[in-house]
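Please keep the sequence and the model in view while reading.

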Amino acid sequence: AELSSGNTNQTELVALLINQGKTFKEGIETLSARCFTNCRNIVSLDLPSTITSLGVATFAKCKAVKTVNMPASLKVIGDSTFAYDTFLTDLTLPEGLQTIGAYAFANAGLTKITIPSSVTSFGVGTFKGNTKIRTIYLRETVPSLPELFCYGASSLTTVYVENSMPWTLGFANMKSIGRKAFMGTKLSSSATFGPGLVSIGD
């Protein structure tokens, strides 16, 4: 089942979330592109346990959103899904998530993020322009980072990688890092790399 702005209007969609104690109906698997873009009334999101994917810019520019509860069923966060959500400061990504799209959290308000071990694919500019993010936790299973990954994330000081324990600073098992992935951050002076690194972009 898909919930989209094509089969109902935004007012009706928002009524599912706020003011009436309502939430998304169980059984919805997909939220389509832009169905909540620019909605200023949503503060908290509780996604149904059946959801598997979020479409392009589904919640982009929802500048009042502070919390999002994501179920274990979620596999895909689409391009620009939470872009410009400036009050979204803390978020837990579920184990089982596989893909995070291009600019998914660009210019959002996150201060830290942990990437689950199940994530195998990032789009370009995942956290681009996220000026409040300070710390990113990655799993050793992440083989590469895309170009512009954290471009302009001016508060980013630390990337930790977990292999066994504890979390260690650096990119011990990274194979490639894309062009300008960390340009404009505070990371460059303290980064360390493992012997398996094949390429770093310009």
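Phe105 touches Ile77, Phe82, Leu91, Leu93, Ile100, Leu110, Thr126, Phe127 and Asn130, leaving aside residues up to four places away in sequence, where a contact means heavy atoms within 4.5 Å. This is a predicted model, in which local features need pLDDT of at least 70 and side-chain atom pairs count only at pLDDT 80 or more, while totals for chains, interfaces and linings use all residues. Residues are numbered from 1 along each chain as its sequence is written, and side-chain values use heavy atoms, with hydrogens and water left out.

**Nonpolar core**
- The largest nonpolar core has 48 residues, and those touching the most other members are Phe82, Leu93, Phe105, Ile115, Phe127, Ile136 and Phe182; such a core is a set of buried Ala, Val, Leu, Ile, Met, Phe, Trp, Tyr and Cys residues joined through side-chain atoms within 4.5 Å.
- At least two residues of this core come from each of β10 (135-139) and β12 (158-162).

**Overall fold**
- The chain has 1 helix and 15 strands, taken as DSSP runs numbered from the N terminus (helices H or I, at least four residues; strands E, at least two).
- Of its 202 residues, 47% count as buried, where buried means under 20% relative accessible area, exposed over 50%, and partly exposed in between (1.4 Å probe, protein chains only).

**Strands β10 and β12**
- β10 and β12 pair in the parallel sense over 5 bridges, pairing being assigned if DSSP finds at least two bridges between two strands, and Thr135 stands opposite Thr158 in β12.
- Because 4 of the 5 residues of β12 are buried, this strand is largely enclosed by the rest of the structure.

**Thr58**
- Thr58 lies in the loop between β4 (53-54) and β5 (67-69), and this residue is buried, with a relative accessible area of 0%.
- The side chain of Thr58 reaches the backbone oxygen of Ser32 at 3.4 Å, and the contacts of Thr58 beyond four places in sequence include Leu31, Cys35, Phe36 and Thr81.

**Salt bridge**
- The count comes to 1 salt bridge, defined as a side-chain nitrogen of Lys or Arg within 4 Å of a carboxyl oxygen of Asp or Glu.
- Glu147 forms a salt bridge with Arg179, with the closest N and O atoms 3.0 Å apart; the pair links distant parts of the chain, 32 residues apart.
- Glu147 is partly exposed at a relative accessible area of 30%, and Arg179 is partly exposed at 33%.

Note on methods: Polar contact = N/O pair within 3.5 Å; in protein donor to acceptor, adjacent residues only side chain to side chain.
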